[in-house]
Amino acid sequence: MKNSVQTIWWRTEQFAMSVQVQAALYVVLWALIIWSVYFTTYPAVHDSVHSLRHHTLGVSCH
C-alpha cells in the first residue's frame, strides 16, 4: 500500500514539474496579469495604460 501511494505521488510530482505544465502555467499567469492591467477600473492603473490599451487592442474610447 505504501509503495503504491509513493508511486502515485512520484508520478504526480513528475507531471507537475514537467516543462509543458510549467510553460502552460507561465502563459496563463501572464495572460491573467495582462488582462487585469488592461481592464482594471483602478484609476491610477487605468490612466497610465489607457492609451496603450486603445492602441494595442483597438478598443474604442469611452
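Let me begin with a definition: a residue is called buried when its relative accessible area is under 20%, exposed when it is over 50%, and partly exposed in between. Val37, with a relative accessible area of 31%, therefore counts as partly exposed. Please keep in mind throughout that what we are looking at is a predicted model.

Now to the chain as a whole. There are 4 helices and 0 strands, and from the N terminus on the elements run α-α-α-α. Of the 62 residues, 13% count as buried, while the chain exposes about 5500 Å², of which carbon and sulfur atoms supply 70%.

Let me turn to helix α2, which covers residues 19-38 and in which Val37 has its place. Val37 belongs to a nonpolar patch on the surface, together with Tyr26, Val27, Leu29, Trp30, Ile33 and Ile34, and the accessible area of these residues together is about 660 Å². From the record, an unreviewed UniProt entry, comes the listing of residues 23-45 as "transmembrane region". In the model that span is 83% helix and 0% strand, and the C-alpha atoms at its ends lie 27 Å apart.

Which residue sits in the loop between α1 and α2? The residue I would point to there is Ser18, with α1 taking up residues 2-16. Ser18 counts as buried, because its relative accessibility is 18%, and its side chain reaches the backbone oxygen of Phe15 at 2.8 Å.

Next, the aromatic rings. A pair of aromatic rings is described by the distance of the centres and the angle of the planes. How many aromatic pairs does the model hold? The count comes to 2. In one of them, Tyr26 and Trp30, the ring centres are 6.4 Å apart and the planes stand at 70 degrees, so this pair is edge-to-face. Why are Tyr26 and Trp30 separated by about one helical turn? The reason is that they are 4 residues apart in helix α2. As for accessibility, Tyr26 counts as exposed, at 54%, whereas Trp30, at 42%, counts as partly exposed.

Trp35 and Phe39 also form an aromatic pair, this one tilted, with 4.4 Å from centre to centre and 50 degrees between the planes. Here Trp35 is exposed, since its relative accessible area is 56%, and Phe39, at 34% relative accessibility, counts as partly exposed.

To return to where I started, Val37 is partly exposed at 31%, and it is one of the residues that form the nonpolar surface patch.

Note on methods. Residues are numbered from 1 along each chain as its sequence is written. This is a predicted model: local features need pLDDT of at least 70, side-chain atom pairs count only at pLDDT 80 or more; totals for chains, interfaces and linings use all residues. Side-chain values use heavy atoms; hydrogens and water are left out. Patches are made of residues with over 30% relative accessible area and no salt bridge: like charges are joined within 9 Å, nonpolar side chains (Val, Leu, Ile, Met, Phe, Trp, Tyr) within 5 Å. Accessible areas come from the Shrake-Rupley method with a 1.4 Å probe; for residues, only the protein chains shown count as cover. A salt bridge is a side-chain nitrogen of Lys or Arg within 4 Å of a carboxyl oxygen of Asp or Glu. Helices (H or I, at least four residues) and strands (E, at least two) are DSSP runs, numbered from the N terminus. Buried means under 20% relative accessible area, exposed over 50%, partly exposed in between (1.4 Å probe, protein chains only). UniProt positions are given in the numbering used here, feature names are shortened, and annotations may be inferred rather than shown by experiment. A polar contact is a pair of N or O atoms within 3.5 Å; within protein, one must be able to donate a hydrogen and the other to accept it, and residues adjacent in sequence count only if both atoms are side-chain atoms. Rings of Phe, Tyr and Trp (its six-membered ring) pair if their centres lie within 6.5 Å; planes under 30 degrees apart count as stacked, over 60 as edge-to-face and the rest as tilted.
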